[in-house]
Amino acid sequence: MRYKLLLFIPALLFPLLLGGCNFKDIDKRIFVISMGIDKLDDQKNNLRVSLKLAIPQGNPKEGTEQFDIIVEETKTVADAVRKAKSKVDKELDFGHMKVFLIGENMAHDDIYQIINWGVRRRDIQLITLLAVAKPTALDVQKIKPQSERIPSNALILGLSKSGTESPYIVTEYLFDYQRRLEERGMDPILPIVKAEGDHFRIDQLALMKKHRIGIELSPNETKLYNLLTTKNLKTNLSGKMEGNLYELNLESSRASYKINARPGEEPVLAYEIHIKATLEENESHENMTRSVLDTIEDATAKEINGQVERFLKRLQKHETDPIGFGLHYMSRRWDNASEWEDWQKIYPKLTFKVDTHVRIHSAGTAH
């Protein structure tokens, strides 16, 4: 009898525990899928916060996607979230939020306040995807592609590269951005999402000067960044030989570098790139013999060497380091008291040398 009583008492106390932790049933919650923040010129309310809410449906495969966007204009993000609660009949749940969009104006000004708020809130996942939105975060939030069946799913699949695998997309998470903010020797990055009618385009990368945009890379420079930082990048390489255009499809790729900064010697950063590819498109009418393919390999390697060297010099000119050369340098030094100061003196003087090895192992089914 005493044993049954001991089991019965916790059962009576369990509802009290749930009430004490403000637990709400799932039917009393509404889920925030993506969030956007824009900077306004209004002095009174300088932030516009937009929350995209998913409205649950019986079967998402039926294509009856429904969502709602709540917009609030305030001075702080926290205040906007509190005011947004007065416009819905359920508790706002950020536990499933996957995308955090920062408007272009805000990204050019200062985004520290936004990142700090996202990291501090315990109900926002640190694997939330970050991106700069053009022209505004609200414009990107409103886009609903025809292929989308779940709110913001197209944006999630694109930014995470779990759907499309584009060489122009760079994935950035909240935890990694916070790490790059605090880490010396590696600057933050953010992909750029552009609203174009009923679709969005992700093909550029913003290099941040800690809290604001430093420079925006072109689509080709973004592809070069991915080539230098991603193993086995799925992309194409374009070239021209004797007036004829050709396209190579990369089967595998890898890039590595070494920094030689010995005292008394000129500092050099040497990159080595290895590429295996197939010939995908060609304007030439001649047969693709081994000797012709060797000529294309040499021309491609020379072209990549020039592009990468120009890209690295641009990063050096703008004093930004998204790849983490500084972190690499300091990780191989023991003088912790002065290694950061040493790197700041070395980086502007670095000479870049790029050595690319291209191997075309197939000309496709047509020879």
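The model is predicted: local features need pLDDT of at least 70, side-chain atom pairs count only at pLDDT 80 or more, and totals for chains, interfaces and linings use all residues. Residues are numbered from 1 along each chain as its sequence is written, and side-chain values use heavy atoms, with hydrogens and water left out.

**Whole chain.** Helices (H or I, at least four residues) and strands (E, at least two) are DSSP runs, numbered from the N terminus. Of the 367 residues, 45% are buried (under 20% relative accessible area, with exposed over 50% and partly exposed in between; 1.4 Å probe, protein chains only). The accessible surface is about 20000 Å², and carbon and sulfur atoms hold 51% of that; areas come from the Shrake-Rupley method with a 1.4 Å probe, and for residues only the protein chains shown count as cover.

**The sheet.** Select strands E10 to E13, an open sheet of four in the order E10-E11-E12-E13 with mixed pairing. Two strands pair if DSSP finds at least two bridges between them. E10 (236-241) and E13 are the edge strands, each pairing on one side only. From one strand to the next the twist averages 35°; axes are lines fitted to C-alpha atoms, for helices over the stretch in contact, and angles run from 0 to 180 degrees between N-to-C directions.

Step across the sheet:
- E10 to E11: six bridges, antiparallel; Asn 236 has Asn 249 as its bridge partner.
- E11 (residues 244-260) to E12 (residues 268-282): 14 bridges, antiparallel; Lys 258 is opposite Ala 270.
- E12 to E13 (residues 351-362): 11 bridges, parallel; Tyr 271 is opposite Val 354.

**Helix H7.** Select residues 174-182. Buried here are Leu 174, Asp 176, Tyr 177, Gln 178, Arg 180 and Leu 181. Their cover includes helix H4 (112-120), strands E6 (129-134), E7 (189-196) and E8 (199-208), and helix H8 (219-229), by contact (heavy atoms within 4.5 Å).

**Surface patch.** Finally, select Leu 126, Ile 127 and Phe 175, a nonpolar surface patch with about 280 Å² of accessible area together. Ile 127 sits in the loop between H4 and E6. Patch residues have over 30% relative accessible area and no salt bridge; like charges are joined within 9 Å, nonpolar side chains (Val, Leu, Ile, Met, Phe, Trp, Tyr) within 5 Å. A salt bridge puts a side-chain nitrogen of Lys or Arg within 4 Å of a carboxyl oxygen of Asp or Glu.
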